[in-house]
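Subject: Structure handover and findings

Dear colleague,

Please find the sequence and the structure below. My notes on what was found follow directly after them.

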Amino acid sequence: MITKTAVSFKNINRLAIPATISGIAEPLLSITDTAIVGNIPVDGVESLAAAGIVGSFLSMLIWVLGQTRSAISAIISQYLGANKLNEVSNLPAQAIFLNLTLSIIVLLSTVFVIEDIFRLFEASGKILDYCVSYYGIRVWGFPLTLFTFALFGIFRGLQNTFYPMLVATIGAGLNIVLDFVLVYGIEGYVPALYLEGAAWASLISQAVMAILAFLLLMAKTNINLKLQLPINKELKSLIYMSLNLFVRTLALNTALLLAVREATALGTKYIGAHTIAVNIWLFAAFFIDGYSAAGNSMGGRLLGAKDYNGLWRLAKKINTYGIMVSLILMLLGFLCYEPIGRLFSKEILVLNTFYSVFYIVLFGLPMNSIAFLFDGMFKGMGKMKYLRNVLLVATFLGFVPTLYLGLYLGWGIHAIWMAFIIWMLFRSMPLVWKFRTTFKPLLQKG
């Protein structure tokens, strides 16, 4: 059984700090594109809008099919806690093969109808043209990202967040360098590709990350990615967990995509402002998600070892640390309120619209922290069905009614961000209640 010392500040942060760095690298790719694209000298506002629309759609695809990462991590961490890791030795290869097959099917099914898809986001004219050209390049990084995510899930299940951090940091750094080079060009050497340059920068970075993650897994673990039969007994559980997370992520992305659609319908300055706000929201989410990753890895292992006291201590500690981080981020946001906006755009109309809702984003961070931290723990424990139900209720009884009531009342972009606040309230409270009612009775006295 895992001892009490396992749930310590040192051990939690050994997982959380690398996971935080790794996690923020993911939205940093989108934020870099947003900041650099928003300052393109030709059609900067239209390019920013297109990057926001395409980024939201690709995030939906990645989050929907990337849920195998959490399922793999949950199963591996629980078997590790039970000292039975050898029983799932051939599962990762089977899961990755299944995931990549699905990703290629989805990729090929979208390529030929992409213009129609972006019209559903109210994109038209020059913005629609930019969406199509930007997506036509970035979409090929989709299978690469899913492959990398799956490998990160294996590392996380093995209680290792250092190697994912290393890969993600290298990928993010490379993306930033390539963004500047390919978007703005180098006179006499590299032509300025503007929005398409940002797409190529992301694609190249995703390829490098996939290769590095694969090489590290081969060199540093005993996991074999050679596809072998028979089918592992846990593959059925993995598929079931992934399907629950698939439905959950569809609900999650319904909220995110409706927000993009309604912001686009309000006008160019609104989708530009929303793109900035949502990228900052996601950046903060992944920053907080470092402790969620620690809860994911350690929660699954503690459950596998049936250490319920340790599980309770873990929940208390990661929530304390996570809320502290969210409060620091909120304070920094208010201290740098206007400079943050100017990082992304010089357009006064876009900035003024962004400033009018940024405070809502910041005030919601502590509540977001609670939702994300318990999300991570529940995923690590394999409680995907409950997570699915919570998200369905939060989206369709919380977010959607608030959004359209606010728009009906004329709140404009404020309706979108008030809907996010209600959404996160509906996501966080049921998770707190479920954890307390499930595990408090199992605590051993003394």
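**Loop residues**

Asn 232 sits in the loop that joins helix H9 (195–220) to helix H10 (235–266); helices here are DSSP runs of H or I with at least four residues, strands are runs of E with at least two, and both are numbered from the N terminus. This is a predicted model, in which local features need pLDDT of at least 70 and side-chain atom pairs count only at pLDDT 80 or more, while totals for chains, interfaces and linings use all residues. Residues are numbered from 1 along each chain as its sequence is written, and side-chain values use heavy atoms, with hydrogens and water left out.

Asn 232 is buried, at a relative accessible area of 8% (buried is under 20%, exposed over 50% and partly exposed in between, with a 1.4 Å probe and protein chains only). Not counting residues up to four places away in sequence, Asn 232 touches Glu 87, Val 88, Asn 90, Leu 91 and Gln 94, where a contact means heavy atoms within 4.5 Å.

Asn 86 belongs to the loop between helix H3 (68–81) and helix H4 (91–111). With a relative accessible area of 60%, Asn 86 is exposed. From Asn 86 to Phe 97 there are 11 residues in sequence and 20 Å in space, C-alpha to C-alpha.

Two further loop residues have a positive phi. Gln 159 is not a glycine, yet its phi is about 65°. Gln 159 is placed in the loop between helix H7 (142–157) and helix H8 (162–184) and is buried, with a relative accessible area of 8%. Lys 306, also a residue other than glycine, has a positive phi near 60°. Lys 306 lies in the loop between H11 and H12 and is exposed, its relative accessible area being 54%.

**Confidence**

The mean pLDDT of the protein is 83, and 93% of its residues reach 70 or more; pLDDT is the predictor's confidence in each residue, from 0 to 100.

**Nonpolar core**

The largest nonpolar core has 143 residues, and those with the most contacts inside it are Phe 118, Phe 399, Trp 417, Trp 423 and Phe 435. Such a core is a set of buried Ala, Val, Leu, Ile, Met, Phe, Trp, Tyr and Cys residues joined through side-chain atoms within 4.5 Å. H11 gives the most to this core, with 16 residues. Leaving out residues up to four places away in sequence, Phe 399 touches Ala 255, Leu 258, Ala 259, Ala 394, Ile 416, Ala 419, Phe 420 and Trp 423.

**Pocket and cavities**

Grid points are joined across faces, edges and corners, and a volume is the space filled by probe spheres set on the points.

The largest pocket has a volume of about 280 Å³. It is lined by 15 residues, of which Ile 280, Phe 283, Leu 329, Gly 333 and Ile 340 are the closest to its centre. Helix H11 (268–304), helix H12 (308–335), helix H13 (337–344) and H14 each supply at least two lining residues, and H11 gives the most, with four. By class, this lining has 14 nonpolar residues, one polar and no charged; Ala, Val, Leu, Ile, Met, Phe, Trp, Tyr, Cys and Pro count as nonpolar, Asp, Glu, Lys and Arg as charged, and the others, Gly among them, as polar.

There are two cavities of 30 Å³ or more. The second largest cavity has a volume of about 40 Å³, and its lining includes Trp 281, Asn 368, Trp 417 and Met 424. H17 gives the most to this lining, with four residues. Asn 368 lies in helix H15 (residues 365–380) and is buried, with a relative accessible area of 3%. Leaving aside neighbours within four places in sequence, Asn 368 is in contact with Trp 281 and Met 424.

Yours sincerely

Key: 1 Å grid on protein atoms, 1.4 Å probe; cavity = no way out; pocket = protein on both sides within 12 Å on 5 of 7 lines; lining within 4 Å.
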